[in-house]
Each structure stands twice: as structure tokens, then as C-alpha cells.
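Colleague: Can you walk me through this model? I'm new to reading structures.
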Amino acid sequence: MFSGQRILLIVSGGIAAYKSLELIRRLREGGATVRCILTRAGAEFVTPLSLAALSGDKVYDDLFSLTDEAEMGHIELSRDADLLVVAPASADLLAKMATGQADDLATTALLATDKPILVAPAMNVRMWEHAATQANMALLDERGVLSVGPSEGEMACGEFGFGRLAEPEEIAAAIADFFRSNNRLRGTRALVTSGPTYEAIDPVRYIANRSSGRQGHAIADALSRLGAETTLISGPTGLGDPPGVRVVRVESAEDMMAACQAALPVGVAVCAAAVADWKVTSANPQKLKKDGGLPRLDLAPNPDILASLSAAGTERPALVIGFAAETENVIEHAKAKRAKKGCDWILANDVGPATGTFGGARNRIHMIDDRGVEAWPVMTKTAVAAELAERIADHLAAGSGKGPAARRGKTAA
Ligand code: C5P
């Protein structure tokens, strides 16, 4: 089940730390190599000796140990792993992950990695339900950190509710799921556009729009997590680069178009960028002066990247997906857009001011393909991206005869 997979298991403090021993046993039985980091608080509940005995390796527990750093530094520990698993993940460790603290070996390894991370939270129910913990989890989720549990039940502190560490078999199943899906798009090249474009008026001023790039970046991240060799072509955003993704930064629609063409051939293209419809043909090489009178801006249409990828002849990606950001008659407009642009799927979303879609964390999608319209429930942009990536993998697998058939209806409202 885990043959050849390398897991770095981080055990933080909590009464449930003893369950990590059973988890290691299961992972090793399944063929994984397990290396352990034990936090200082974790060592109050489980001994380094038992972790070492079960993992068959030494236990790493001190950031500043000269021998540890010489043999296997904190960077190598995470570089050497296919997946980092934090079980149990205490409220404190989750907070440190959310805020990027790095004051011991566990947090340093977690901050220094670009590898996927799965957390299994365990804590008192009130700590779990506290707005701070929930906000930390939402942030980690948005960054693509996977999680399993916690489950509901009686706790060591005598209270009842959510906060119990997921059982070792559930954590092992979540890890198995991860490795299964992680390979689904291996060998597929993907192209994603994201963010706004800036159309220069002069060297200082530009025309732009409110796109944050969050949805496009999340899609590039999700495709890469399924193993696709992903190029993200992004207009200016305040977002970091998704790990493992090749990022090409552009400003104008014309630059974005050129970068897209240079990225071909790809198996799938997702155009999530909010490309400016017009460019300023009269852009001034110097800053326009206010006392020069009202400037005259001559506009010309920008190239349509989605339409041109859809009509790219032999270079056409097997699957071309566009977005339709609308403020009214969302489905009607999106259907017309799909026909006009010639793409395969359109993901329509309502970006009216009341929806909070632009710049927000959530999105409500209607997916339109040749079979009709499907309403997805309101989801975080990360969840939309993960769902879309799975559907892309389903579609490409069905097309290549590798099955499974499309999972249509899974999220249908
Ligand atoms: O025409 P409209 O901007 O509404 O279409 C939205 C879809 O088309 C999005 O997928 C967007 O990324 C794409 N698009 C594009 N190039 C343009 C305009 C839009 O790729 N110039």
C-alpha cells in the first residue's frame, strides 16, 4: 500500500501521542519508510526509544544537535520525504504552522518543506472549536495542507466532543488516499492562467481588475499535487508560488498569451485569469502629467487566450477549461461563452459584490460541459480546485481508456 514511500512523521504533544506507535507499525507493514521527529511536548507522552524501535531509525528531536545536523539536517529531513505527517497535531503546533514559526526541529522542518503535509489534529473539544484553532485550520486548508479528523468521542480530560485523534487506521487510510491520488496526473502537462493582467497607461498607471488569483493558484497547486507537470502563468498577485509548480510572471494580456503559447504542448489548460478585455494602444513612454490636460486613452481588444488555446489546431490541449465570472444571468452567459470560445468546460461563478468571490476564500461553481449544467455546493477555492483536478484526472483517464469513468453527480446539488 505504501511501497517505497518515505514518510516523515512529526509527533507533537498530547495524550494521543501513543497512537503514533500503532500508526508507524501500520505504515511500515504497508512498505513505507518512516522517520520520526518528536517535539519536546511529545516526548512527555511517548519515549524516543519506542518511536526508534518501531520506525527502525533514530528519532530526531533537537534542532541544535550538532550530530543530527551533521548527519541529517532539518532541510534534508523534509527533502527526503514524500509526505510529512503530523500526528497528533496539537493546537499549539497548528498555530505555529499557520503563522510560520520555526523555533524547534518540527516547526523548522514544516516551514522549510515544499512537500505535501497531512495533519491529524488532537486536542480538547473547546480548544478545537475555538475560533483561533478553526481560523488556523482554515488557513492551512487554503494553503493545501491535508487533514484527517479529529473525530468525536470521549476524551482523556473527561469531556465529550470533537478533538479525538483519528484512529491509526483512519490516518493510514488518508495517507494511502494521498499516495493514490498523487500519481493520477503523472505524465500530464498542465497550464493554468491566474490573476489579473495590468494594461499600462504609462510607466506608473495601469488598467486592472479585482482578481486576487486565489482560485487559479489553487488549481495549479491541486494539479501539481496529482502529479501534473504544471506551469502557472500569473498576472500580478500578492500570492506565493504553489510548491512544485513552474511559475511564469507576466503583466499584460499580450505577455500572458505569449507565455501560454511558449508552454504548449499541454494536455490540459485551465484559464482562470481575469484577463483585461482591452489594452491601451496609446500607452505613454513617460508618466502623463496632470497639467497636460485630460489624457485620451485609445483602447484596443486584447487577444483572447482561452479562445486561441481552444482553436490551437494540432497544439490544442486535450481539455481546455475556462471560467465565466458573471454578475447576472450566470448560467445563460456562461453557456454562450463556452460556445463562443470553443472550450470544453466552463466553470461559471457569480462575482457580484454581495458574493465576496473576488478576493474571498469561497466560490460557488456551475460547471458547464457538453452534457449540461451541474451546480456545485459553495466550497472553499481550495476545495473547488481539488474537485476540478480530480475531474480532470477522471476525464483524461476515461479518454485514454485507463478508466475510471467520470464521477459526475458526486457533488451535484
Ligand atoms: O470573455 P470573458 O473574459 O468573460 O471570458 C472569461 C474566460 O476567458 C476566462 O476563462 C478567462 O481566463 C478567459 N479569457 C482569456 N483571454 C481573454 C479574456 C478572457 O483567456 N482576453
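**Charges, fold and sheets**

Modeller: Let's start with charge. The mean positions of the 44 positive and 50 negative charges of the chain lie 5 Å apart. Lys and Arg count as positive, Asp and Glu as negative, while His and the chain ends are not counted. Each charge is placed at NZ of Lys, CZ of Arg, CG of Asp or CD of Glu.

Colleague: What kind of model is this?

Modeller: This is a predicted model: local features need pLDDT of at least 70, side-chain atom pairs need pLDDT 80 or more, and totals for chains, interfaces and linings use all residues. Residues are numbered from 1 along each chain as its sequence is written, and side-chain values use heavy atoms, without hydrogens or water.

Colleague: How many helices and strands are in the chain?

Modeller: The chain has 14 helices and 22 strands. These are DSSP runs, numbered from the N terminus: helices are H or I with at least four residues, strands are E with at least two.

Colleague: Why call the chain as compact as a globular protein of that length?

Modeller: Its radius of gyration is 24 Å, close to the 22 Å from the globule rule for 413 residues, so the chain is as compact as a globular protein of that length. The radius is taken over C-alpha atoms, and the rule is 2.2 Å times the number of residues to the power 0.38.

Colleague: What share of the chain is buried?

Modeller: Buried residues make up 49% of the 413. Buried means under 20% relative accessible area, with a 1.4 Å probe and protein chains only.

Colleague: New topic. Which strands form the open sheet?

Modeller: The order is S3-S2-S1-S4-S5-S6, six strands with parallel pairing. The edge strands are S3 (59–60) and S6 (146–147), each pairing on one side only. Two strands pair if DSSP finds at least two bridges between them. S2 (residues 33–38) and S3 are joined by two bridges, and Ile 37 stands opposite Tyr 60 in S3.

Colleague: And where is the hairpin with two residues between its strands?

Modeller: S20 and S21 form that hairpin. S20 covers residues 365–369 and S21 residues 372–375; they pair in the antiparallel sense over four bridges. Ile 368 stands opposite Val 373 there.

Colleague: Back to helices. Which residues of H5 are buried?

Modeller: In H5 (residues 91–99), they are Ala 91, Leu 93, Leu 94, Lys 96, Met 97 and Ala 98. These buried residues pack against several elements, including strand S1 (6–11), strand S4 (83–89) and helix H8 (131–142).

Colleague: What follows H5?

Modeller: Gly 100, with a positive phi near 70°.

How values were computed
Buried < 20%, exposed > 50% of the residue type's maximum accessible area, 1.4 Å probe, protein only. Contact = heavy atoms within 4.5 Å.
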